[in-house]
Amino acid sequence: MEDKRLEATARLLDVMTTLRRECPWDREQTFDSLRSNTIEETYELADAITDHNMEGIKEELGDLLFAAVKVARFAGIDPEQAAHAACEKFIRRFSAMETAAANDGTALEQCTLAQMLTLWQQAKQTVSAEQESRKSARQ
């Protein structure tokens with residue numbers, strides 16, 4: 001593979017394909033079992049973060065990524081498309097934050113953490129409302 005950053009992603013997808021084909025336990029998964037597993041992995045990552053356990057964070061982050069991709073594949077969602085959509089959503093939200101800060105006469109870099117959190121919440125609402133408006137217009 002040309003891009004070294006994508007080797008692990010390709011390997012993860014290969015492992016999942018093999019598991020789906022060869023592992024009876026994997027074929028028996030349901031949305032409920034995937035939900036439980038994803039929650040469990042999230043809490044394990046949160047615990048490692050709380051403990052500042054860098055090796056634990058690395059391990060649990062990998063487990064959570066695996067769980068997220070497993071849910072995507074189970075649901076018939078292309079994980080790459082989901083990642084692209086998440087990037088686009090983040091970019092729109094960040095741009096909305098910059099615009100809101102500029103409208104208040106402040107550069108985003110000069111905002112306090114509390115101000116940025118407020119701007120982030122506002123941006124989430126703004127972007128969500130824009131998405132709903134576009135969906136309504138298409139229908």
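At what angle do H1 and H4 pack, and how far apart are their axes?

Reply: H1 and H4 pack at an angle of about 60°, and their axes lie 11 Å apart. The model is a predicted one, in which local features need pLDDT of at least 70 and side-chain atom pairs count only at pLDDT 80 or more, while totals for chains, interfaces and linings use all residues. Residues are numbered from 1 along each chain as its sequence is written, and side-chain values use heavy atoms, with hydrogens and water left out.

Helices here are DSSP runs (H or I, at least four residues), numbered from the N terminus. Axes are lines fitted to C-alpha atoms over the stretch in contact, and angles run from 0 to 180 degrees between N-to-C directions. The angle makes H1 oblique to H4; angles under 35 degrees count as roughly parallel, over 145 as roughly antiparallel, 65 to 115 as roughly perpendicular and the rest as oblique.

From H1, the residues Leu12, Leu13, Val15, Met16, Thr17, Leu19 and Arg20 meet Phe66, Val69, Lys70, Arg73 and Phe74 of H4, contact meaning heavy atoms within 4.5 Å. By class, this contact of H1 with H4 has eight nonpolar, one polar and three charged residues. Ala, Val, Leu, Ile, Met, Phe, Trp, Tyr, Cys and Pro count as nonpolar, Asp, Glu, Lys and Arg as charged, and the others, Gly among them, as polar.

H4 also packs with helix H3 (residues 31–50), at an angle of about 160° and with the axes 9 Å apart. H3 and H4 are therefore roughly antiparallel to each other. Their crossing is left-handed. On the H4 side, the residues in contact with H3 include Lys70 and Phe74, which also meet H1. The H3 side includes Phe31, Leu34 and Ile49. By class, the contact of H3 with H4 has 11 nonpolar, four polar and five charged residues.

H1 (7–22) and H4 (54–74) also take part in the lining of the largest pocket, where they and H5 each supply at least two residues. A pocket is an open set of points on a 1 Å grid over the protein atoms alone, where a 1.4 Å probe fits, with protein on both sides within 12 Å along at least five of seven lines; lining residues have an atom within 4 Å of a point. The volume of the largest pocket is about 480 Å³, taken as the space filled by probe spheres set on the points, which are joined across faces, edges and corners. Its lining comprises 19 residues, with Leu6, Thr9, Pro79, Glu80 and Ala83 nearest the centre. H5 gives the largest share of that lining, six residues.

Terms used: A crossing is left-handed if the near helix is turned anticlockwise from the far one by less than a right angle, and right-handed if clockwise.
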